[in-house]
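These entries record what I looked up on charged side-chain contacts. I worked through individual pairs and then turned to the whole structure.

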Amino acid sequence: MIVIDDIAYVRSGTADLETAVGFAVDVVGLEEIARVEGTAYLRADHRHHCLAFVEGEPGVLASGFTVRDAGVLAAAEIELERAGCHVERGDAEGARHRRVHDYLAFDDPFGNRVELVCGQTTIARPVRYGRTAGITEFGHLCLDAPDVHEAYAFWSTLFNIRISDWIGDQAALMRFDPVHHKLAVFKGERPGLCHMNFQVESLDDVMRSWHVLQELGVEIEMGPGRHPQSTAVFLYFKGPEGLTYEYSWGVRRIEDDEAWRPRTFDPAEPDAIDLWAGPTRKPSTQLQVPTALAVS
Ligand SMILES: [Fe+2]
């Protein structure tokens, strides 16, 4: 079993780097920490970056997860290949580009590019947030797949991933640590990144951002509302090139892993996605850029 320790980053292609970075800094509130040869790195917490914009075709390029060390990475390569995944080991240049010690890449069965990394660079100094949105950390990422049960079968067979809750056949909310979900898969016909989430410090931060975003003319996709599964108060909004961001506060922690029983919510029920029964719709997905596996 491949043990994932954490989420690492999202790599997203952009045809307009200035606009993508401007939104991420001025609206979302991230810090641009570096820009090197057409790649802009944005941070939200101790990670060197949780979002890298790469100049080129718009769309998600990869979603990264952290494993403990090079030994775990090497074992993961064997295990993934045994399971029928084509794995590309990263080279030194690609690792430098990602600010990691080493990494590998593979596609999940639905075409989502996933990268496993070890030795992601940590930055100790406090984040200089672009806007005081109250961000505390990169919270979770959500991928699309046409069958969320098949997606769970893939993740739970190969990885230390457990189901926390189902929203019928629409969503699998999964965990690998006490946080209710750090990986989610939503039903979508094509592979892509449904959204990336940032935790904020307080309920006030969510509500304050709701007003700020509306004043800025940002498209609110859903919320504010409260997910009954994770108990998190959420706000989804759309950035340039269809990249959906989410702020949330108050996510449930599952401290007693063995005692937790996953629940199934009926998406037809008015409060299945929002406990407050507000209007809901699936956030827009930034589609996967279909590229052949490459090492850098
Ligand atoms: Fe989310």
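I began with Glu-31 and Arg-128, whose side chains form a salt bridge at 3.7 Å, N to O, in this predicted model. The pair ties together distant parts of the chain, 97 residues apart. I located Glu-31 in strand S2 (residues 31–36) and Arg-128 in the loop between strand S8 (113–118) and strand S9 (135–145). I then checked burial. Glu-31 has a relative accessible area of 5% and is therefore buried, whereas Arg-128, at 56%, counts as exposed.

Next I looked up Arg-89 and Glu-77, and I found their side chains joined in a salt bridge of 2.8 Å, N to O. Here strand S6 (residues 88–89), which holds Arg-89, is linked to helix H2 (residues 70–82), which holds Glu-77; the two residues are twelve residues apart. For Arg-89 I noted a relative accessible area of 26%, so this residue is partly exposed.

Finally, I asked how many salt bridges the whole structure contains. The search returned 23. I also recorded a network of salt bridges that links Asp-6, Asp-45, Arg-47, Asp-177 and Lys-182.

Definitions and conventions. Residues are numbered from 1 along each chain as its sequence is written. This is a predicted model: local features need pLDDT of at least 70, side-chain atom pairs count only at pLDDT 80 or more; totals for chains, interfaces and linings use all residues. Side-chain values use heavy atoms; hydrogens and water are left out. A salt bridge is a side-chain nitrogen of Lys or Arg within 4 Å of a carboxyl oxygen of Asp or Glu. Helices (H or I, at least four residues) and strands (E, at least two) are DSSP runs, numbered from the N terminus. Buried means under 20% relative accessible area, exposed over 50%, partly exposed in between (1.4 Å probe, protein chains only).
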